[in-house]
Amino acid sequence: MKEEAIKHLEFIQNIITRMNTNSFQLKRMFVIIISALLAVYASEKNPDFILITILPLILFWFLDSYYLQQERKFRGLYNDLLNGNPHNVKPFEMKPNLYKRGRYSFRSAFLSKTISTVYISVAIVVSFIYIYLKYFKNG
């Protein structure tokens with residue numbers, strides 16, 4: 001493999017790493033924001049503050065899915081360049097949009113086990129907490 005091709009693969013690998021890091025940082029910020037909103041509930045004793053957690057949950061789910069989709073697209077590009085360059089990508093050219101269907105779609109990333117499990121779990125826990133506090137704790 002030529003040195004130019006190896007360097008191109010290194011650039012793509014750096015992008016993949018950056019997307020993965022961004023995804024991790026989003027999850028970290030998500031946990032911090034959810035914790036802060038639950039702390040506000042604890043000080044105010046108003047269960048409606050718990051419902052506010054749904055907005056960041058949806059926002060972070062979409063953002064996290066976007067980063068996973070981009071990571072998958074660059075992995076597809078990386079694998080194709082490593083295994084023969086079927087799309088005739090020029091040296092140092094980044095074309096993640098060649099990968100649109102199947103596992104490269106936003107829908108696939110949104111519903112992936114690694115993403116959806118986190119956000120659905122939090123949504124279920126927050127929903128149970130809200131229902132308990134709103135309808136059973138005071139009654």
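**Helix packing, ring pairs and salt bridges**

F110 is buried, at 19% relative accessible area (buried is under 20%, exposed over 50%, partly exposed in between, with a 1.4 Å probe and protein chains only). Keep in mind that this is a predicted model, where local features need pLDDT of at least 70, side-chain atom pairs count only at pLDDT 80 or more, and totals for chains, interfaces and linings use all residues. Residues are numbered from 1 along each chain as its sequence is written, and side-chain values use heavy atoms, with hydrogens and water left out.

**Helix 3 against helix 5**

- Helix 3 covers residues 54–82 and helix 5 covers residues 113–136; their axes come within 10 Å and cross at roughly 175° (helices are DSSP runs of H or I, at least four residues, numbered from the N terminus; axes are lines fitted to C-alpha atoms over the stretch in contact, with angles from 0 to 180 degrees between N-to-C directions).
- That makes helix 3 and helix 5 roughly antiparallel to each other (an angle over 145 degrees).
- On the helix 3 side, the contact uses L57, F60, W61, D64, S65 and L68 (contact means heavy atoms within 4.5 Å).
- Helix 5 answers with T114, I115, S116, Y119, I120, V122 and A123.
- Sorted by type, the residues of this contact come out as 9 nonpolar, 3 polar and 1 charged.

**Aromatic pairs**

- The structure has 10 aromatic pairs (ring centres within 6.5 Å; planes under 30 degrees apart are stacked, over 60 edge-to-face, the rest tilted).
- Take F11 and F92: their ring centres sit 5.5 Å apart with the planes at 55°, so this pair is tilted.
- F62 and F110 make another tilted pair, with ring centres 5.0 Å apart and planes at 45°.
- Here F62 sits in helix 3 and F110 in helix 4, so the pair ties together parts 48 residues apart in sequence.
- The two partners of this pair fall into separate classes: F62 is partly exposed at 43%, whereas F110 is the buried one at 19%.
- Ring pairs also link F30, F60, W61, F62, F106, F110 and Y119 into a cluster.
- From that cluster, F60, W61 and Y119 turn up in the contact of helix 3 with helix 5 too.

**Salt bridges**

- There are 5 salt bridges in the structure (a side-chain nitrogen of Lys or Arg within 4 Å of a carboxyl oxygen of Asp or Glu).
- One of them joins E10 to K7, with the closest N and O atoms 3.4 Å apart.
- E10 and K7 are 3 residues apart in helix 1, which puts about one helical turn between them.
- Neither is buried: E10 is partly exposed at 38%, and K7 is partly exposed at 40%.
- Another bridge runs between K134 and D48, where the closest N and O atoms are 3.6 Å apart.
- This one links distant parts of the chain, with K134 in helix 5 and D48 in helix 2 (residues 48–51), 86 residues apart.
- K134 is partly exposed with a relative accessible area of 34%, and D48 is also partly exposed at 34%.
- E93 and K95 meet through their side chains in a salt bridge too, at 3.7 Å from N to O.
- K95 is partly exposed, with 37% relative accessible area.

Notes: Helices (H or I, at least four residues) and strands (E, at least two) are DSSP runs, numbered from the N terminus. Angles under 35 degrees count as roughly parallel, over 145 as roughly antiparallel, 65 to 115 as roughly perpendicular and the rest as oblique. Ala, Val, Leu, Ile, Met, Phe, Trp, Tyr, Cys and Pro count as nonpolar, Asp, Glu, Lys and Arg as charged, and the others, Gly among them, as polar. Rings of Phe, Tyr and Trp (its six-membered ring) pair if their centres lie within 6.5 Å; planes under 30 degrees apart count as stacked, over 60 as edge-to-face and the rest as tilted.
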